[in-house]
Amino acid sequence: ARFPGGANVFQQGNGGLREQPDPGFRQDVLSFTSAPVTQPIALDGKIHARLEVSSDCPDTAFFVRASVVRDKTAWFLRDTIVSISDLIEGYVPGKRVVLDFDLDQIAWTLAPGDRLRVDVSSSNFPTYNVHSNTADYWCDADHTAIAHNTLYFGHTKFSFDIEK
């Protein structure tokens, strides 16, 4: 199963605002849902996310998707993917690092009762290329590895901030 919809879907014809599967719909997907909002909240600007992570590979990718849950149905808002090597030069496997994500601009109003949902994964193929989990650039890699990634809580606040 893949993440349906998205702003960066070009080849599958499945882009845009799409209903999302249940939280944690794949073994490699971690889903987090906020409490319901009590008053309208305007989201107008960029969504920023920060994750503290580690991997047992010299490079790997982390994917973040933000959705709104309205009437028990989650709808895609924005997403992006980042390779550790995009932000950290010379990553050492096992080291804890902080990755910052900038998702595309959004203009959306959360209604009372809506919740925000965040899904974190290491992939979203075929929307984004398969990562080899090696130090080689994705299209130059001649082998792949299975990445065992960890997402940490406690030292890094996991939040989305809207910034114009």
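**Note on pockets and charged contacts in a predicted model**

1. The structure holds one aromatic pair (ring centres of Phe, Tyr or Trp, the last by its six-membered ring, within 6.5 Å; planes under 30 degrees apart are stacked, over 60 edge-to-face and the rest tilted).

2. The model is predicted, with local features requiring pLDDT of at least 70 and side-chain atom pairs pLDDT 80 or more, while totals for chains, interfaces and linings use all residues. Residues are numbered from 1 along each chain as its sequence is written, and side-chain values use heavy atoms, without hydrogens and water.

3. The largest pocket has a volume of about 900 Å³. Its lining comprises 37 residues, and A61, S122, S123, H131 and N133 are the closest to the pocket centre. A pocket here is an open set of points on a 1 Å grid over the protein atoms alone, where a 1.4 Å probe fits, with protein on both sides within 12 Å along at least five of seven lines; lining residues have an atom within 4 Å of a point. The volume is the space filled by probe spheres set on the points, which are joined across faces, edges and corners.

4. By class, 20 nonpolar, 13 polar and four charged residues form the lining of the largest pocket (Ala, Val, Leu, Ile, Met, Phe, Trp, Tyr, Cys and Pro are nonpolar; Asp, Glu, Lys and Arg charged; the others, Gly among them, polar). At least two lining residues come from each of β3, β4, α1, β6 and β7 (DSSP runs numbered from the N terminus: helices H or I, at least four residues; strands E, at least two).

5. The second largest pocket, of about 150 Å³, is lined by twelve residues, with D22, P23, K72, A74 and R117 nearest its centre. Five of its lining residues are charged, four nonpolar and three polar.

6. Six salt bridges are present (a side-chain nitrogen of Lys or Arg within 4 Å of a carboxyl oxygen of Asp or Glu). One of them joins D100 and R50 at 2.7 Å, N to O. D100 lies in strand β5 and R50 in strand β2, so the pair ties together parts that are 50 residues apart in sequence.

7. E52 and R96 also form a salt bridge, with their closest N and O atoms 3.1 Å apart. E52 is in strand β2 and R96 in the loop between α1 and β5, 44 residues apart. The charged end of R96 also sits over the ring of Y152, 3.7 Å from its centre (NZ of Lys or CZ of Arg within 6 Å of the ring centre and within 35 degrees of the ring normal).
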